[in-house]
Protein chains: 2
Amino acid sequence: MKKDTKISNAVIKRLPRYRRYLKELQKKGVDKISSNEFSSLIGYTASQIRQDLNNFGGFGQQGYGYNVEGLYNEISAILGLDKEYKMIIVGAGNLGQAIANYTYYYKAGFVVCGIFDINPRLIGLKINDIEVMDYENIVEYVEENQINIGIICTTKDSAQEVADKLCFAGVSGLWNFAPVDLEVPDHVAIENVHLSDSLHSLAYHMNRNATENE
Amino acid sequence: MKKDTKISNAVIKRLPRYRRYLKELQKKGVDKISSNEFSSLIGYTASQIRQDLNNFGGFGQQGYGYNVEGLYNEISAILGLDKEYKMIIVGAGNLGQAIANYTYYYKAGFVVCGIFDINPRLIGLKINDIEVMDYENIVEYVEENQINIGIICTTKDSAQEVADKLCFAGVSGLWNFAPVDLEVPDHVAIENVHLSDSLHSLAYHMNRNATENE
């Protein structure tokens with residue numbers, strides 16, 4: 001694994017998708033796949049696939065194709081999925097609860113350790129065996145438990161303050177579901193899930209289709 | 001509004017973000033904004049902003065800047081947000097319930113009309129005043145109520161079958177939360193929210209930062 005390569009964000013965004021398809025292939029007992037076969041499956045061109053995977057030193061062999069398991073493991077390692085991540089959720093509303101319940105992440109090495117809220121009626125509740133704790137104590141908790149990722153499920157108006165506090169406490173990543181863009185220090189990674197933006201893109205494409213079919 | 005322009009998907013993806021910032025500006029009582037001011041706020045370059053907005057005929061005036069309210073309304077119309085959309089959710093698990101409760105969308109013209117599940121223990125329940133109905137009756141319901149958007153909150157394994165049924169019943173858009181890429185007819189728009197892909201990108205960037213700081 002070449003750690004010094006600078007890889008574009010567009011390539012990084014495609015890696016989890018490659019990984020998902022490779023996992024499916026493994027489940028089906030497929031050992032190797034050519035870039036052409038992979039292309040017809042995943043929808044990227046064969047040359048795009050070769051170019052993307054060359055960024056990491058290229059795992060394919062001429063005339064053989066890609067080793068499915070090997071490539072899956074390499075991509076997992078590149079993404080950092082060979083480690084475990086400790087996460088907390090801020091905001092125990094519906095979205096926070098859904099994320100807490102979204103057990104897929106447990107399997108994949110992302111462990112939700114706690115949920116924080118300011119609402120006294122929620123503090124002390126358990127969601128999927130995870131306790132809702134008082135937001136007042138969040139910095140101490142993050143420090144003591146060496147939490148890596150903060151998941152922000154608060155309102156738009158509280159999100160920046162929560163982000164500041166989490167960064168101060170020492171998380172190295174934020175997964176933000178609040179519909180606002182947050183400012184974080186350079187050493188903290190952030191990934192936004194703007195659900196409303198996604199829905200608005202969908203509306204655009206629906207109307208575009210309707211116009212084209214008129 | 002020029003309906004015949006072909007606009008790249010990258011531009012479309014940025015429009016909801018422009019709109020969010022314009023809404024914030026409106027709330028703060030800002031009437032007009034130059035592309036330079038907008039740039040320092042939103043983080044795109046001023047030339048990118050001008051180029052993006054020129055796709056739609058360009059709403060700025062030399063030496064004046066953009067009319068905040070006018071631009072907000074134009075972008076809303078381009079995205080199709082001046083209409084109302086009727087939606088149903090398939091899958092009344094945690095994620096489906098969170099989406100049903102995510103009341104933001106009600107305000108913005110996206111109305112959740114019903115939730116469907118195959119689990120007899122969930123059918124008949126009400127989530128945020130929305131009834132959970134039997135998946136058996138979904139085609140009839142979509143046809144009778146002229147549902148526009150199907151929201152897929154099922155497992156990966158059921159998602160394609162659900163998508164097929166919704167497309168057959170006549171929805172024109174799918175908002176897919178299942179961690180799988182779905183095949184849909186050309187006239188149906190689809191937008192995927194792959195939460196695990198997003199989390200995996202976050203992990204990558206966290207590790208990249210750690211490596212750079214070593």
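Trainee: Which residue is the bridge partner of Asp117(B) in β6(B)?

Mentor: Asp134(B) is the bridge partner of Asp117(B). This is a predicted model, where local features need pLDDT of at least 70 and side-chain atom pairs 80 or more, while totals for chains, interfaces and linings use all residues. Residues count from 1 along each chain as its sequence is written, chains are lettered from A and ligands numbered from 1 in the order written, and side-chain values use heavy atoms, without hydrogens and water.

Trainee: What makes β4 and β6 of chain B a pair?

Mentor: Pairing takes at least two DSSP bridges between two strands. β4 (residues 110-117) and β6 (residues 130-134) of chain B have 3 bridges and run parallel, so they pair by that rule. Strands here are DSSP runs of E, at least two residues; helices are runs of H or I, at least four; both are numbered from the N terminus.

Trainee: What is the strand order in the sheet of chain B?

Mentor: β5-β6-β4-β3-β7-β8-β9 is the order of this open sheet of 7 strands, with mixed pairing.

Trainee: Why do β5 and β9 of chain B stand at the edges?

Mentor: β5 (126-127) and β9 (189-192) each have a single partner strand, so one side of each has no neighbour in the sheet.

Trainee: Where does helix α7 of chain B lie?

Mentor: Helix α7 (residues 138-145) lies across β3 (85-90), β4 and β6 of chain B. Its angle to β3(B) is about 170°, on a scale from 0 to 180 degrees between N-to-C directions of axes fitted to C-alpha atoms, for helices over the stretch in contact.

Trainee: How many residues does each chain bring to the contact?

Mentor: Chain A gives 67 residues and chain B gives 67 residues; contact means heavy atoms within 4.5 Å. Together the chains bury about 5800 Å², 57% of it on carbon and sulfur atoms. That is accessible area (1.4 Å probe) lost on being put together, summed over both parts.

Trainee: Why is Asp197(A) with Arg20(B) called a salt bridge?

Mentor: The rule wants a side-chain nitrogen of Lys or Arg within 4 Å of a carboxyl oxygen of Asp or Glu. The closest N and O atoms of Asp197(A) and Arg20(B) are 2.8 Å apart, so the pair qualifies. Across the interface of chain A and chain B the rule finds 8 salt bridges.

Trainee: Which elements of chain A give two or more residues to the side that touches chain B?

Mentor: Among them are α1 (9-27), α4 (68-79), β3 (85-90) and α9 (195-212). α9(A) gives the most, with 17 residues.

Definitions and conventions
Buried area is the accessible area (1.4 Å probe) that two parts lose on being put together, summed over both.
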